[in-house]
Amino acid sequence: MASKGFNPDPELSALCNRMWEADENRLTPGLHYKIDPQGKTRYHSTEDHAKDPLFSYVDPNVFKRETFRRFIALLDNYESEGGQKEVVTQEEVRENQCFIDAIYETEPMKIAHKYLAEKKLMPSDRAQFKWALYNLWFKMYQRTKGVRQLDSSAFEHVFVGETRNKTDVIGFHNWIQFYLQEKRGLVDYRGFFPSRRKRHTSSEEESFNQLITIQFTWKGDTKPIGSSFIGTSPEFEMALYTVCFLAGNKTDVHVEIDDYDVIVKAHRMGPCLGSCYPITS
């Protein structure tokens, strides 16, 4: 049953479910990974409600998968502090292109391409679609006000994360980046927010959810509330966010995916994709 005030788009919901079911690289909670949500938190809480890391186990073999390997290679290509000019090397351009090539061969992205091409929102030609996808996610633009620097991109913001004023974390909605940064000791997980539908969700129940909302610090800066899928593949998330940004007719795109009522927040930075992430309804 949909949450009160949640009005899913039937067409986009059907499409997103097809991409979800076609995501062969999506991990199974309890098998490929285990998370330990521990204590519940609140937005303004300054207490740490989780003494242990969020991830207690991830099967290292999943990171050998082609799209995962290509994705991870991109995560160290950015300066996290906003306002710092991003210098994109030729090697990084090639890494970006290899990632696009890899995810294009997957079913979630093929489904997304077919739909977007039929809607005249993306080129039907394979090479032109890849180029458009590259520009959507990797083209640099200015995010920080008052600083004339190309300091950000959609990919950096959504998947890698950024810091602002050396106090706040913005973006950072990807579980792979979270796990790798947590493993390096750069992320401190501080607790989870129970779903709106089930305010009394236990930590054990939450550990099997594949869409969670949490609080954490990164490099000492705070993300008071942030949400992300857990265990999904890079290609699924890229396909989902691309579809919702281009085909959704407003900032809040309501879709039903598997058992989740999902609101995909799709924000623009002028003509560019500024941010995209899921929250539970």
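In this predicted model, Phe 55 is buried, with a relative accessible area of 7%, and Phe 178 is likewise buried, at 4%; both values fall under the 20% cut-off for burial. By the ring-centre criterion, the count comes to 28 aromatic pairs. In the pair of Phe 55 and Phe 178, the ring centres lie 6.3 Å apart and the planes meet at 50°, so the pair is classed as tilted. Because Phe 55 belongs to strand S2 (residues 55-58) and Phe 178 to helix H7 (residues 175-183), this pair ties together parts that are 123 residues apart in sequence.

The rings of Phe 63 and Trp 175, with centres 6.4 Å apart and planes at 35°, also form a tilted pair. Phe 63 is located in the loop between S2 and helix H2 (66-72), whereas Trp 175 lies in helix H7, so that parts 112 residues apart in sequence are tied together. Both Phe 63 and Trp 175 are buried. One aromatic cluster includes Phe 55, Phe 63, Phe 68, Trp 175 and Phe 178, and over the ring of Phe 68 sits the charged end of Arg 65, 6.0 Å from the ring centre.

The largest pocket has a volume of about 710 Å³, and of the 32 residues lining this pocket, those closest to its centre are His 173, Lys 223, Ile 225, His 267 and Tyr 277. The lining comprises seven nonpolar, 14 polar and eleven charged residues, with the largest share, five residues, supplied by S10. Strand S9 (260-269), one of the strands that each supply at least two lining residues, runs antiparallel to strand S8 (residues 252-257), to which six bridges join S9.

How values were computed:
Residues are numbered from 1 along each chain as its sequence is written. This is a predicted model: local features need pLDDT of at least 70, side-chain atom pairs count only at pLDDT 80 or more; totals for chains, interfaces and linings use all residues. Side-chain values use heavy atoms; hydrogens and water are left out. On a 1 Å grid over the protein atoms alone, a cavity is a set of points where a 1.4 Å probe fits but cannot get out, and a pocket is an open set with protein on both sides within 12 Å along at least five of seven lines; lining residues have an atom within 4 Å of a point. Grid points are joined across faces, edges and corners, and a volume is the space filled by probe spheres set on the points. Helices (H or I, at least four residues) and strands (E, at least two) are DSSP runs, numbered from the N terminus. Ala, Val, Leu, Ile, Met, Phe, Trp, Tyr, Cys and Pro count as nonpolar, Asp, Glu, Lys and Arg as charged, and the others, Gly among them, as polar. Two strands pair if DSSP finds at least two bridges between them. Rings of Phe, Tyr and Trp (its six-membered ring) pair if their centres lie within 6.5 Å; planes under 30 degrees apart count as stacked, over 60 as edge-to-face and the rest as tilted. Buried means under 20% relative accessible area, exposed over 50%, partly exposed in between (1.4 Å probe, protein chains only). A charge sits over a ring if NZ of Lys or CZ of Arg is within 6 Å of the ring centre and within 35 degrees of the ring normal.
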